[in-house]
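Here are a few notes to read with the model open beside you. Take them one at a time and find each spot as you go.

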Amino acid sequence: MSETTLFERIIAREIPADIVHEDDISIAFKDISPQAPHHILIIPKKAIPRIGQAHEDDAATLGHLLLTARKIARDLDLAEVDKGFRLVINNGKDAGESVPHLHVHLLAGRQLQWPPG
Ligand code: AMP
């Protein structure tokens, strides 16, 4: 059986987080080490380790994460084209994944560079 991840402990309120959104499927909280003025993590309550391990029947959950990101961006007044935000999913070692529980980074509030490092 796999170990409980840090993010599962946040979902269970075993460790604190600055939660900005919660519903039956997802929870979103501020990243503890923000890389932009707005840096929020949107995660499923279901323990999907990473996008590479998601299943066909996770489609609704995956779509929900994007719609939750959209909602948060709208709430922060970032969704118009003259503002902006970036969504990032790091999958595996080469991408810099550090927590094995699927999470979407929402980054905004400064001019973001492309390509990413
Ligand atoms: P990744 O590198 O894509 O796996 O992203 C993991 C993210 O989790 C990093 O941006 C970390 O700063 C963030 N993180 C780690 N621990 C916590 C925590 N206790 N609360 C909020 N964010 C965290």
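How far does a polar side-chain atom of Asn 90 lie from an oxygen atom of the ligand? The distance is 2.9 Å.

1. Before going on, a word on ground rules. This is a predicted model, where local features need pLDDT of at least 70 and side-chain atom pairs count only at pLDDT 80 or more, while totals for chains, interfaces and linings use all residues. Residues are numbered from 1 along each chain as its sequence is written, and side-chain values use heavy atoms, with hydrogens and water left out.

2. Besides the Asn 90 pair at 2.9 Å, an N or O atom in the side chain of His 105 is 2.8 Å from a ligand oxygen. On its own the ligand exposes 500 Å², and the protein buries 83% of that (accessible areas here use the Shrake-Rupley method with a 1.4 Å probe).

3. Now look at the shell around the ligand. It holds 16 residues, and Asp 31, Asn 90, Ser 98, His 103 and His 105 come nearest (a residue is near if one of its heavy atoms lies within 4 Å). Helix H1 (6–11) and strand E2 (26–30) each supply at least two shell residues, and H1 gives the largest share, with 3. Helices are DSSP runs of at least four residues, strands of at least two. By class, the shell has 7 nonpolar, 6 polar and 3 charged residues, with Gly counted as polar.

4. The ligand takes up the space of the largest pocket. A pocket is an open set of points on a 1 Å grid where a 1.4 Å probe fits, with protein on both sides within 12 Å along at least five of seven lines; its lining residues have an atom within 4 Å of a point. H1, E2, E3 (38–44), E4 (86–88) and E5 (104–108) each give two or more of them.

5. The second largest pocket holds about 190 Å³ of space. Which residues lie nearest its centre? They are Val 20, Lys 30, His 38, Ile 40 and Leu 76, out of 14 lining residues. Strand E1 (19–22), E3 and helix H2 (59–75) each contribute two or more. The lining divides into 7 nonpolar, 3 polar and 4 charged residues.

6. Last, two backbone spots to check. Most residues other than glycine have a negative phi, and most peptide bonds are trans. Arg 13, in the loop between H1 and E1, has a positive phi of about 65 degrees although it is not a glycine. The peptide bond from Trp 114 to Pro 115 is cis, with omega near 0 degrees, and Pro 115 lies in the segment after E5.

Notes: Polar contact = N/O pair within 3.5 Å; in protein donor to acceptor, adjacent residues only side chain to side chain. Sits in = over half its atoms within 2 Å of the grid points. Points joined across faces, edges and corners; volume = space filled by probe spheres on them.
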